[in-house]
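Hello,

Here is the structure I promised to send over. Please open it alongside this note, and my findings follow below.

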Amino acid sequence: MNNKHNVKMKKCKACGNKFTPFNSLAQVCSVDCAIQYAKDNKVQERVRRKLTQIAKERIKTRSEHLREAQTAFNAFIRERDKNEPCISCERYHNGQYHAGHYRSVGACPELRFCELNVHKQCSACNNHKSGNIIEYRINLVKKIGAEKVDWLEGHHEQKKYTIEQIKQIKAEYKQKLKELKRVGNKC
């Protein structure tokens with residue numbers, strides 16, 4: 001018996017009608033059904049990706065949310081200070097810049113998202129000179145004033161951010177960054 005003439009009918013994945021496939025990989029009965037099937041698959045893929053994203057968001061830990069918020073905050077600081085030199089060494093260079101904390105997150109976590117406490121800093125000062133803190137303080141006094149620096153150096157209430165607060169901080173700084181970039185592009 002010849003298998004060539006004994007082709008099994010298939011059900012079209014788009015319209016549901018039975019058809020004789022022209023090869024074993026055929027999924028649809030016509031070009032129109034192929035177009036519809038491709039569109040449906042794209043929609044299903046988008047929905048699947050969105051559901052996966054939602055599921056991943058639900059299982060994120062507090063520290064993962066905190067890291068994302070810190071990333072958004074740091075990006076805002078670098079954009080805010082983009083036309084300024086390093087807060088510590090006062091140099092402009094082509095290297096990498098960080099959002100350097102005057103009072104470190106480890107020493108003073110309650111000032112982690114305080115804009116007065118964080119300024120553009122070159123990686124050399126931030127990483128290799130432990131923040132170059134003496135020069136940082138001198139230039140910080142020039143930038144924001146001695147009274148605000150004294151406030152930064154004072155005692156602060158401990159903060160324990162909830163996941164919702166952290167998400168709000170992340171959203172706020174993403175929005176602030178977007179606005180800064182929009183205003184910067186108009187100039």
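The charged end of K120 is placed over the ring of Y97, 4.1 Å from the ring centre. K176 is found over the face of F76, with 5.4 Å to the ring centre. A charge counts as sitting over a ring if NZ of Lys or CZ of Arg is within 6 Å of the ring centre and within 35 degrees of the ring normal.

Before you go further, please note that this is a predicted model, in which local features need pLDDT of at least 70 and side-chain atom pairs count only at pLDDT 80 or more, while totals for chains, interfaces and linings use all residues. Numbering runs from 1 along each chain as its sequence is written, and side-chain values use heavy atoms, with hydrogens and water left out.

Now to the aromatic rings. A pair of rings is described by the distance of the centres and the angle of the planes. Rings of Phe, Tyr and Trp (its six-membered ring) pair if their centres lie within 6.5 Å; planes under 30 degrees apart are stacked, over 60 edge-to-face, and the rest tilted. The structure has five such pairs. One of them joins F73 and F113 edge-to-face, at 5.5 Å centre to centre and 85 degrees between the planes. Because F73 lies in helix α2 and F113 in the loop between β3 and β4 (118-122), this pair ties together parts that are 40 residues apart in sequence. Helices (H or I, at least four residues) and strands (E, at least two) are DSSP runs, numbered from the N terminus.

F73 also pairs with Y173: the centres are 4.8 Å apart and the planes at 85 degrees, so this pair is edge-to-face. Since Y173 lies in helix α6 and F73 in helix α2, the pair ties together parts that are 100 residues apart in sequence. Both F73 and Y173 are buried, and F113 is buried as well. Here buried means under 20% relative accessible area, exposed over 50%, and partly exposed in between (1.4 Å probe, protein chains only). F73, F76, F113, Y161 and Y173 make up one aromatic cluster.

The largest nonpolar core has 13 residues, and F73, I77, F113, I169 and Y173 have the most contacts inside it. α2 (62-80) and α6 (163-186) each supply at least two residues of this core, and the largest share, six residues, comes from α2. Apart from it lies another core of 10 residues, including C108, L111, Y136 and L140. A nonpolar core is a set of buried Ala, Val, Leu, Ile, Met, Phe, Trp, Tyr and Cys residues joined through side-chain atoms within 4.5 Å.

Next, have a look at Q121, which lies in strand β4. Q121 is buried, with a relative accessible area of 0%. A polar atom of the Q121 side chain lies 2.8 Å from the backbone oxygen of G131.

Finally, two backbone angles. Most residues other than glycine have a negative phi. E90, however, has a positive phi, near 60 degrees; E90 is in the loop between α2 and β3 (97-101) and is partly exposed, with a relative accessible area of 46%. S130 is not a glycine either, and has a positive phi of about 50 degrees. S130 is in the loop between α3 (123-128) and α4 (133-144) and is exposed, at 64% relative accessible area.

Best wishes

Technical notes. Polar contact = N/O pair within 3.5 Å; in protein donor to acceptor, adjacent residues only side chain to side chain.
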